[in-house]
Amino acid sequence: GGVAHCAHVKTILGLFELDLIPKPDLLITSGFLCETAPKTIELLHEFYDLATYCCDGCRDIASMDDPNAGPAVGLAAKSMRRASEHMQEITGVDLTDNMMWEALGARGGLDSALIKIQRLIETTDPMPISGTHRPLFYRLGASSFHMDDLPDQTGALNTLYEELAERVSKGF
């Protein structure tokens with residue numbers, strides 16, 4: 001009720017409730033940008049008995065200009081390391097730093113596609129898609145971390161970008 005305005009909450013709850021995506025073994029979020037995300041996974045834990053973890057974070061204005069400075073970076077790094085340890089406990093899979101770098105590298109095209117869509121939305125007037133729909137394509141970008149799925153997901157996001165760019169060119 002208190003976060004009824006938040007598309008993030010509505011999107012993930014709707015996807016679970018309608019059985020459009022499987023419930024994950026572990027749901028991880030952070031409060032880096034929004035205080036709603038940690039509360040959302042806390043509720044999902046209660047309603048769906050999901051294992052959850054929230055990375056601690058705080059917005060440190062001093063470190064925004066220099067991502068290598070400030071106490072917020074150290075807090076985030078420590079919390080992400082704890083999240084990795086938590087994932088290892090739940091999955092029984094040892095996660096190495098090399099595995100993480102490989103996964104991050106493999107997501108490069110997907111992340112670029114998301115950034116293109118984001119920039120298009122932010123720089124056009126009128127916006128080609130409602131800002132409340134952003135969580136839908138972010139969910140597409142985070143719906144699977146299987147490396148074999150990344151090309152299809154990247155293709156879907158690139159198609160969405162092309163369709164949005166066409167709407168912009170027509171003034172919609």
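How many aromatic pairs does a search of the whole structure find? I found 1 aromatic pair. I counted rings of Phe, Tyr and Trp (its six-membered ring) as a pair if their centres lie within 6.5 Å, with planes under 30 degrees apart stacked, over 60 edge-to-face and the rest tilted. Phe16 and Tyr48 are edge-to-face, 5.7 Å centre to centre with 70 degrees between the planes. The pair links distant parts of the chain: Phe16 sits in helix H1 (residues 7–17) and Tyr48 in helix H2 (residues 36–48), 32 residues apart.

I note that this is a predicted model, where local features need pLDDT of at least 70, side-chain atom pairs count only at pLDDT 80 or more, and totals for chains, interfaces and linings use all residues. Residues are numbered from 1 along each chain as its sequence is written, and side-chain values use heavy atoms, without hydrogens and water.

Helices (H or I, at least four residues) and strands (E, at least two) are DSSP runs, numbered from the N terminus. Buried means under 20% relative accessible area, exposed over 50%, partly exposed in between (1.4 Å probe, protein chains only). Phe16 counts as buried because its relative accessibility is 2%.

Next I looked up H6. Its buried residues are Leu110, Ala113, Leu114, Ile117, Gln118, Leu120 and Ile121. They cover an arc of only 160 degrees around the axis, so they lie on the same side of H6. I took the arc from the directions from the helix axis to the C-beta atoms. On the other side of H6, Arg119, Glu122 and Thr123 are exposed.

Last, I checked the loop between H6 and helix H7 (134–142), where Pro126 lies. The peptide bond from Asp125 to Pro126 is cis, with omega near 5 degrees.
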